[in-house]
Amino acid sequence: MSRVRGPRRPRRLERGALIAALLTALSLTASGCVVVHGERVVLPSADRAEARRALDDFTAAYNAADKAYDRSLDAGRVTGALGAIDGARLKAGHANSPSGNAAHTPLTLTDAKFTIPKKAGWPRWFLADAKGNKGGAARWLLVFTRGGLGEKWQVAYLTLVAPGDVPRFKLDAEGWAEAVPARSAGLTVAPGDLSGAYATYLKSGGKGFAAGVHTTGWRKLRAGSASRPGLATQFIDEPLTGGDFAPLALRTADGGALVFFATHHYQKQTAASGATVPTPDKDVQALTTGEIKQSLTMEFVSNETALDPPGGTAGGQVSVLGRVQGLTAAQGS
């Protein structure tokens, strides 16, 4: 059974209020001289029943695509970082198992909580926080977005975080959340700058991010792999913020924000003279173009969930709570 953050309202009244607001936003005044533009009216991004249906529709499409290894079956339900990661995973799976996924286990998402911001303009979006039957005790955080009334809800970000890491959100009297603009100046790092700041941190280090698996731990892991005898490994990290990869943020109860953002990564392995690049696994091979002779360059998309403290917080550092990364392409040479 789903659970929802914030006070509940009768479903009929909730939907009726949203429809009435939309009709008002699109109406002309009696003089016919002024239009109240819908993109300027602050409204909940979805009603709660709609959010539950979107989660169910995504889960059904995701399971169908995973079972058949057919990316067309959930293409209409994913976008952005998840779309890139999921699409490449299914492409590799189909190449290696054209008849489908023999190891398929349906994903089930229960104990769902929905945090829905009130905002003006498109895209509109909301967060689903659920318990999955995969990933141990981790909570599945899925960010649904759509760019217009006629579009389907799609998941742009999917990360897994420890249950105790999901923060309390700032809610109004009716239980609606607050979306934080990308250029918000009231945080340690503006959400729109977080992807670039993280890419810079991975390259050079620094004090902007709190120690953890996805910060100091990842840099340490990279440093170890870069020093293997006979094999040089280079890393390039880039921000990823355009279009469907734009960051999205929710105001937390302490005045900070929970930010969802994406990054782009390259890993190039080059063998020394007389040596060879280790043979990649079959999923990497399925996404590789060119012949692997002396080097292999792998391309990844990663999506992160981070707690961004209020600006001016003493010793404030961004904490990366979760990260899901996937190989999207590879090139041999």
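Me: Which residues do ring pairs link into a cluster?

Reply: The model here is a predicted one. In it, ring pairs join Phe58, Tyr62, Phe114, Phe126, Phe144 and Trp153 into a cluster.

Me: How many aromatic pairs does a search of the whole structure find?

Reply: The search finds ten aromatic pairs.

Me: What describes a pair of aromatic rings?

Reply: The distance of the centres and the angle of the planes describe such a pair. Take Phe114 and Phe126: their rings are 6.3 Å apart, centre to centre, with 65° between the planes. That pair is edge-to-face, because planes over 60 degrees apart are given that name.

Me: Which parts of the chain does the pair of Phe114 and Phe126 tie together?

Reply: Phe114 belongs to strand 2, residues 109-115, and Phe126 to strand 4, residues 124-132, so the pair ties together parts that are twelve residues apart in sequence.

Me: Are Phe114 and Phe126 buried or exposed?

Reply: Both Phe114 and Phe126 are buried.

Me: Where does the charged end of Arg219 sit?

Reply: The charged end of Arg219 sits over the ring of Tyr201, 5.8 Å from the centre of that ring. There is another case to look at with Trp218: Arg222 lies over the face of Trp218, and the distance to the ring centre is 4.5 Å.

Me: Let us turn to the backbone. What is the general rule for phi and for peptide bonds?

Reply: Most residues other than glycine have a negative phi, and most peptide bonds are trans. For phi, compare Tyr69, which is not a glycine but has a positive phi of about 50°. Tyr69 is in the loop between helix 2 (48-68) and helix 3. Tyr69 counts as buried because its relative accessibility is 17%, and the cut-off for buried is under 20%. Asp111, in strand 2, also has a positive phi, near 50°.

Me: Which residues does a cis peptide bond join?

Reply: The cis peptide bond joins Trp122 and Pro123, with omega about 0°. Pro123 lies in the loop between strand 3 (117-119) and strand 4. With 38% relative accessibility, Pro123 counts as partly exposed.

Me: How many residues along the chain lie between Pro123 and Gly148, and what separates their C-alpha atoms?

Reply: Pro123 and Gly148 are 25 residues apart along the chain, and their C-alpha atoms are separated by 6.9 Å. Thr110 and Ala130 are 20 residues apart in sequence, with 5.7 Å from C-alpha to C-alpha. Leu127 and Leu142 are 15 residues apart in sequence, and the C-alpha to C-alpha distance is 5.8 Å.

Me: Are Thr110 and Leu127 buried or partly exposed?

Reply: Thr110 is partly exposed, at a relative accessible area of 41%, and its place is in strand 2. Leu127 counts as buried, at 0% relative accessibility, and lies in strand 4.

Me: Polar contacts are the last topic. What joins the side chains of Ser302 and Glu304?

Reply: A polar contact of 2.4 Å joins the two side chains. Ser302 is found in strand 12, residues 295-308. Ser302 is buried, and its relative accessible area is 0%.

Me: What lies 2.9 Å from the backbone nitrogen of Ala103?

Reply: A polar atom of the side chain of Asn101 lies at that distance from the nitrogen. Asn101 is in the loop between helix 3 and strand 2, and at 14% relative accessibility Asn101 counts as buried.

How values were computed. Residues numbered from 1 in each chain as written. Predicted model: local features only at pLDDT ≥ 70, side-chain atom pairs only at ≥ 80, totals over all residues. Heavy atoms only, no water. Phe/Tyr/Trp six-rings, centres within 6.5 Å; stacked < 30°, edge-to-face > 60°. Helix = DSSP H or I, 4+ residues; strand = E, 2+ residues; numbered from the N terminus. Buried < 20%, exposed > 50% of the residue type's maximum accessible area, 1.4 Å probe, protein only. Lys NZ or Arg CZ within 6 Å of the ring centre and 35° of its normal. Polar contact = N/O pair within 3.5 Å; in protein donor to acceptor, adjacent residues only side chain to side chain.
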